[in-house]
Amino acid sequence: MAVAVGLRMGALTLTMIGWGYTPLTKGFVRTLDGAGDAPLTRAAGRTTREMLGGLPQRFEGNRGQFAPEVRYMARADGYDLYLTDTESVLVLYRSRGEKPKDGVDHTTLRMKIRGAGRPAHWEPGRLLPGVSNYIHGNNPSRWQRDVPAYESVTARQVQPGVDLVWYGKDRKLEYDLVVAPGVDPASLEVAWEGAHSMTVDRAGNLVLETIFGRVMQQRPFVYQVIGGRKVKIEARYSLRPGSGARFALGRYDRTRPVVIDPAVMVYSTFLGSSATSGTAVVADAAGSVYLTGQSLSASFPFVNPFRTAHAINEIFLAKFNPAGTALVYATYLGGSGEDLPTSLAVDNAGSAYLLGESNSTDFPVRSAIQGTRSATAAVERDATLTKFTAAGNDLVYSTYFGGTGGTAAAALSVAADGSVYFGAYIKSGTLTVTPAPQVLNTSTGGRAILAKVRPAGSSFEWLSALGDIVVTDVASDSTGVYFGANNYLRPAYPAVNAPPGLVQTRSNEGILGKLNPGGSAFVYYTHFGGGAGGEDDKVWAIAIDSTGALYAAGATTSSDLPLQNPLRTYTAPPAGLLFQDGFALKLSPAGNSILYSTYIGGRGRDSVFDIGVDNKGGLAMIGETLSSDLVQVESLQPNLGGVQDAFVMKLKPGGNAIQFSTFLGSLGEEVGYGLFSGSAGALYVTRVTTGPSTFPTLNAFQGTQAAGFSAFLTKYTATSQTPAVGTLSPTATSGTQQSFTFSFTDPDGATDLGVVNVLINNFLNGERACYIAFDLPSNFLFLVNDVGDGVTALPLSGSGTTSNGQCTIVGAGSSATVSGNTLTLTLVIQFNATTFSGRKVVYLAARDSDQNNSGWQPMGTYSVGAAPATNPMVVSLTPNSGTTNSATLTVSYRDAAATTNLQATQILINSALDGAAACYVPYFVPGNLLLLVPDNGDAGQSAVMSLTSGGTLENSQCRVESVGSSRSDSGNLMTLTVRLTFKAAFRGRKIIYGGVQTGAGGNSNWHAMGAWVVP
């Protein structure tokens, strides 16, 4: 609606034409596409944090989880520190091989203050957030819950007048010896037992050579606090017989305390006892992150320090706040044997579920389906299933599951009601369970089992035997249970509803399947692979989306996988290198067709180990690669760091375009293990690395490592790439039929575009408009009806029409083409000159498959039929389009009788019909005055100058110059020329509106006259 604004100058009153913006109507909001809404944004930052190593050093008090002589314990990367009343024991860890499964050895160093006359009294420092829980063995009375941790601990009076303080600083383990006035620091002697030798290097550092490598104490920093400042005292180590070291000090004030501060650095290993490997990661709805993996359990007191001993694996579960900066809890689970996690899930209440394996005879159980271990051989494991309370400090239930010959755990999935589906493989022997498994495929040896556990955890609802295949991953929804598996050297089973063309009789292939909700029958069952023999195709991971479509990924040595709409096809490896590639695929919800399938990788060896799918169908993957030519998009690390790196990649929903791809590695060898696709595009991934790491970290304990393997947890937030409108041709013309050409661009490729929009109307209003949406994936045009609450459809096939009251879209001559990043849309449009006559604005908008959109952009004008017969009227604009930062515009206005009847003319340049933040130039005819409305759009505050003054007017959008501006009359036609310069802040696409009124109150109303792009 028009808004009248009065401007008084002396005795005269000038009434401006209203510049009120017509609001979007309810009907417009309900229309097909929301590309006119505010653009959806996504955080562009990508953060990497070695989360366990990035937390402050934590000192846990002993509540019974350690041997009685231990007072406090600190976990760190490469070692544990146990503090007793008489000594500090540093337990060093070293991997036996390059992979977590190779195991870990440990040895010890012991530090004592010689001459200590009595046991120390320990006092904790500041309490840290987060607790630890120890669920060890099958006796709940011995479980330790909610154990607090502190940032430092102090042993008082280890010698008279001397305190020992342990703490962490800059991710280094440090201790201070605080010496009271009157006590001679030179009398202190620190002894280290367990080292082969102890020397002082050229830099003054104390170097301890151990069976695993070096532990170094940096040259002591010794100081006194004087006047609130640390005053440094010169100091060095003085070696003593029997692995002892004293401190030789320079001059100092003997009336003040002295602080001796060495920093302990472990160089030989980078293996965190609190996180030896990261197996799986998930995030809950609030963004809290849960990480599980293997931890170490070394009995205290320890073996002879000059020998090594194997450290037993146990399971750890850690929960972090959404920022990854604080630990909520760390829980250690296991018995006296080897305990390993394989799969992790979390429910809406924040309870974590762990599937794992154990050969412990005393694994913690509660409300168990199977209360004791079944495997008869000591080295064989049973599967274990455990549900934790939301606090992580207790068990809801925990059970063994397995046969007498050992059982391998695969993966689990948690339903909304708390039911758990899990997969396992019975290696051999007997399985005694109730109810008996439903046999879906017969078995000649071991057998794959899928099972459903009731929410209480104390019984099975059903079990199904899938035959001689090995289940690798499990997913579920209300329609059934999905699984991925492999059939290495195992018999082929009959296919059920398989995609046509897939060979079902070969071994060494991947298996994809789905069971009905009762587990009693296959919904579908199919092989996936290639080759006639000798090839190897492995499905390692699956995921499902909200439609029930199944996604799968793995590794293949087949050069002839059945491909559909691929991202890339088979590429032969370099000479001498055996071929292995990753692959990814998507099945239809019915499982009977392949929607896409593609190789993943480069010319080296590649594998995909885990996947996740977002709510738009984007598939994220993690794996390992030896390919230096792996395609990189929005990469955090664009080059291969070593021989073998982990990699992270995310495909667009169509599967044939990459949204995000990066190497994740260093000079060592990396394997990507676990991935979780969280909200807002966040990806959480775990990897294990060997050798020195050069990958960037935040708050890392140590920048490099020399040996062993180390777990990393990384969070990515994908950068959003917003599509854009491109061009319109023609930009300003007239008629009743026009062939328009529109272009739209997407940085991720034109195939990433979802819906593009064309809206032609007086204003940005979806009602009574020619409002068209083109859906690229379906190749359909949609025309919004007159009231904006429905659509008609037209396939873009070169024929047919569809109409509303304003326009008709003609299929003949209309087309869409895709080339690189650009979609070109040509539309033949006929306009209804009776109901839709007048000057119109052409708006465009684009939206991609991730719902990122450009927002509406004014592109040009179109005059339907003859100009409306009004008095007064705006006749013409010259030029009616341009792309420069200055313009000399000539507008003609007409009165039916004479130009002397005209009183005020208007030129308004903006992206919408809005006088605020615009280049809004009225002209007052009687006084020959040019005006410029200020930024706030209040015409009553306009700046004024004479057209012939030689002056200028400015606001934040433009400058108006009287030099070069003029007015001339010819009969009843007045021509106004205005010279403008646009400001940099005003860049973008603009529409040029014109209006005029007479002294008697005649009003032309606003008309879109042309389009301009301010560069």
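1. A salt bridge is taken here as a side-chain nitrogen of Lys or Arg within 4 Å of a carboxyl oxygen of Asp or Glu, and D394 forms one with R366, the closest N and O atoms being 2.8 Å apart. D394 lies in the loop between β31 (382-388) and β32 (395-401) and R366 in the loop between β30 (352-358) and β31, so the pair ties together parts that are 28 residues apart in sequence. D394 is buried at 18% relative accessible area, whereas R366, at 24%, counts as partly exposed; buried means under 20% relative accessible area, exposed over 50%, and partly exposed in between (1.4 Å probe, protein chains only).

2. The model is a predicted one, in which local features need pLDDT of at least 70 and side-chain atom pairs count only at pLDDT 80 or more, while totals for chains, interfaces and linings use all residues. Residues are numbered from 1 along each chain as its sequence is written, and side-chain values use heavy atoms, with hydrogens and water left out.

3. The chain has two helices and 76 strands, these being DSSP runs numbered from the N terminus (helices H or I, at least four residues; strands E, at least two). Of its 1015 residues, 58% count as buried.

4. A search of the whole structure finds 22 salt bridges, and R114, E189, R240 and R246 are linked in a network of them. E189 is buried, with a relative accessible area of 9%, while R240 is partly exposed at 34% and R246 is partly exposed at 26%.

5. Two disulfides are found in the whole structure, a disulfide being a pair of cysteine sulfur atoms within 2.5 Å. C770 and C807 form one of them, with their sulfur atoms 2.1 Å apart; C770 lies in strand β57 (residues 770-775) and C807 in strand β61 (residues 807-819), so the pair ties together parts that are 37 residues apart in sequence. C770 is buried at 0% relative accessible area, and C807 is buried at 2%.

6. C919 and C958 form a disulfide with their sulfur atoms 2.2 Å apart, and the torsion about the S-S bond is about 85°, so this disulfide is right-handed.
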